[in-house]
Amino acid sequence: MEKLNLKISQMNCSHCVNKITTFLKEVRGVQEIECHLDSKEVTITFASPATKEQIIEAIEDCGFEVE
């Protein structure tokens, strides 16, 4: 399993967290999602077949930009 920390500056409220979480749950292999509004970071624990690129794409698909 791998952990990935991503900064998402537009993540400002619980609605943003819910939207990001919903999209990330669709990526096969994502095990755990932790969103931190105070630091605007998301920590994702994942395993194969999920890839870093797929995770970033899922976040971008729901309208957010990964820094």
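This note sets out, point by point, the fold, packing and selected residues of a predicted model.

1. Sheet order. The sheet is open and holds three strands in the order β1-β3-β2, with antiparallel pairing. Strands β1 (2–7) and β2 (30–36) are at the edges; each has a single partner strand, so one side of each is left without a neighbour in the sheet. From one strand to the next, the twist averages 15°.

2. Pairing of β1 with β3. These two strands are antiparallel and are joined over six bridges. Within this pair, Leu 4 stands opposite Ile 44 of β3.

3. Pairing of β2 with β3. Strand β3 comprises residues 41–46 and runs antiparallel to β2, to which six bridges join it. Two facing pairs may be noted here: Ile 33 is opposite Ile 44 in β3, and Val 30 is opposite Phe 46 in β3. The hairpin of β2 and β3 has four residues between the strands, and Lys 40 in this hairpin takes a positive phi near 55°.

4. Burial of β3. Five of the six residues of β3 are buried, and the strand is thus mostly covered. Thr 45 belongs to this strand. With a relative accessible area of 10%, Thr 45 falls under the 20% limit and therefore counts as buried. Beyond its neighbours within four places in sequence, Thr 45 is in contact with Met 1, Glu 2, Lys 3, Gly 29, Val 30, Gln 31 and Glu 32.

5. Asn 5 is located in strand β1. Its relative accessibility is 53%, and Asn 5 therefore counts as exposed, the threshold being over 50%. Residues up to four places away in sequence being set aside, Asn 5 touches Val 42 and Thr 43. Between the C-alpha atoms of Asn 5 and His 15, which are 10 residues apart along the chain, the separation is 20 Å.

6. Placement of the helices. Helix α1 (residues 14–25) lies across β2 and β3 and runs at about 165° to β2. Helix α2 (residues 52–61) packs on the sheet and touches β1, β2 and β3, while its direction makes about 35° with that of β1.

7. Length of α1. At 1.5 Å a residue, the 12 residues of α1 should span 16 Å. The C-alpha atoms at its ends are 16 Å apart, which agrees with that expectation.

8. As background, an α-helix has 3.6 residues a turn, so residues three or four places apart point the same way.

9. Thr 21. This residue is in helix α1. Thr 21 has a relative accessible area of 16% and is therefore buried. Not counting residues up to four places away in sequence, Thr 21 touches Ile 33 and Cys 35.

10. Nonpolar core. The largest nonpolar core contains 21 residues, and those with the most contacts inside it are Leu 6, Ile 20, Leu 24, Ile 44, Ile 55 and Ile 59. At least two residues of this core are supplied by each of β1, α1, β3 and α2.

11. Ile 55. Helix α2 contains Ile 55, and at 0% relative accessibility this residue counts as buried. Apart from neighbours within four places in sequence, Ile 55 is in contact with Leu 4, Leu 6, Leu 24, Val 30, Ile 44 and Phe 46. Ile 55 and Arg 28 are 27 residues apart in sequence, and their C-alpha atoms are 9.7 Å apart in space.

12. Ile 59. This residue is among those with the most contacts inside the largest nonpolar core. With neighbours within four places in sequence left aside, Ile 59 is in contact with Leu 6, Ile 8, Ile 20, Leu 24, Phe 64 and Val 66.

Key: Residues numbered from 1 in each chain as written. Predicted model: local features only at pLDDT ≥ 70, side-chain atom pairs only at ≥ 80, totals over all residues. Heavy atoms only, no water. Pairing = 2+ DSSP bridges. Axes fitted to C-alpha atoms, helices over the stretch in contact; angles between N-to-C directions. Contact = heavy atoms within 4.5 Å. Expected span 1.5 Å × (residues − 1). Core = buried A, V, L, I, M, F, W, Y, C linked by side-chain atoms within 4.5 Å. Buried < 20%, exposed > 50% of the residue type's maximum accessible area, 1.4 Å probe, protein only.
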